[in-house]
Amino acid sequence: MTSKSYQALAAPVEFVHEEKRSTFTALLYPVESRAQAMAYLEQVKEAHPGASHYCWAYIIGSAEQPVSVAFSDDGEPSGTAGKPMLNVLTHRQAGNCFAVIVRIFGGVKLGAGGLVRAYGAAVSQALDSAQWEQITELIAFRVEVSFALEERVRHRLQQVNITVDAAEYGEHVTLFAKAAASILEQLEQDIPQLSSGSAKVIAE
């Protein structure tokens with residue numbers, strides 16, 4: 001049993017890329033939900049009013065197995081902005097990352113190929129100065145235990161900094177929580193020991 005860890009953006013980044021008098025201001029933000037990303041988008045529009053386009057892309061979760069991905073060309077020719085931005089985020093393993101590019105048109109048309117290169121380059125160069133953190137994905141599990149031993153099991157979970165997410169009470173108590181693989185392996189040994197074998201740890 002192994003927990004996967006992934007690289008996630010740790011702090012906002014700003015980078016300005018220029019291409020034939022057009023400016024492409026790339027802004028990167030750490031995000032964990034679409035709502036968070038869209039809130040940042042509104043902030044960017046307020047901070048940079050009057051831009052030609054506000055193109056964006058995001059990866060929520062791991063870049064290899066994302067929880068959610070999305071992108072927008074915001075009026076640029078289809079496939080020339082949001083998708084190239086997302087491709088760079090994916091290639092660079094940029095988890096939990098929202099990228100938005102504020103384009104100010106400089107009077108020279110770049111053509112489809114030029115737009116793809118400019119949007120991709122702006123995100124790539126912003127990522128060059130990004131700070132990262134490692135996120136460990138947690139494994140959901142449940143503990144089935146008698147009423148008499150519930151407090152003892154809860155105490156053991158607290159000792160390894162695990163919060164019980166929910167509990168169900170029927171013929172016995174079922175506690176639901178999440179843990180990294182290494183902690184879960186330890187609990188699979190500890191909890192049956194402290195309950196004389198009556199409590200069970202079951203990974204979801």
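This is a predicted model: local features need pLDDT of at least 70, side-chain atom pairs count only at pLDDT 80 or more; totals for chains, interfaces and linings use all residues.
Let's start with the open sheet, whose 5 strands follow the order β2-β3-β6-β4-β5 with antiparallel pairing. At its edges are β2 (13-19) and β5 (66-72), each pairing on one side only. From one strand to the next, the twist averages 15°.

Further in, 8 bridges connect β3 (residues 22-30) with β6 (residues 97-104), and these two strands run antiparallel. Here Tyr-29 sits opposite Phe-98 in β6.

## Helices across the strands

Helix α1 (residues 34-47) lies across β3, β4 (53-61), β5 and β6, at about 155° to β4. Helix α3 (residues 111-128) lies across β2, β3, β4 and β6, and runs at about 145° to β2.

## Salt bridges

The structure has 7 salt bridges. One of them joins the side chains of Glu-76 and Arg-103, at 3.0 Å from N to O. Glu-76 belongs to the loop between β5 and α2 (82-91) and Arg-103 to strand β6, so this pair ties together parts 27 residues apart in sequence. Glu-76 is buried at 8% relative accessible area, and Arg-103 is buried too, at 5%.

Another pair is Glu-144 and Lys-200, with their closest N and O atoms 3.7 Å apart. Because Glu-144 lies in β8 (residues 139-145) and Lys-200 in β11 (residues 200-203), the pair links parts 56 residues apart in sequence. Arg-142 joins Glu-144 and Lys-200 in a network of salt bridges.

Glu-150 and Arg-154 come to 2.8 Å between their closest N and O atoms. Both lie in helix α4 (residues 150-159), 4 residues apart, or about one turn of the helix.

Terms used:
Residues are numbered from 1 along each chain as its sequence is written. Side-chain values use heavy atoms; hydrogens and water are left out. Two strands pair if DSSP finds at least two bridges between them. Axes are lines fitted to C-alpha atoms, for helices over the stretch in contact, and angles run from 0 to 180 degrees between N-to-C directions. Contact means heavy atoms within 4.5 Å. A salt bridge is a side-chain nitrogen of Lys or Arg within 4 Å of a carboxyl oxygen of Asp or Glu. Buried means under 20% relative accessible area, exposed over 50%, partly exposed in between (1.4 Å probe, protein chains only).
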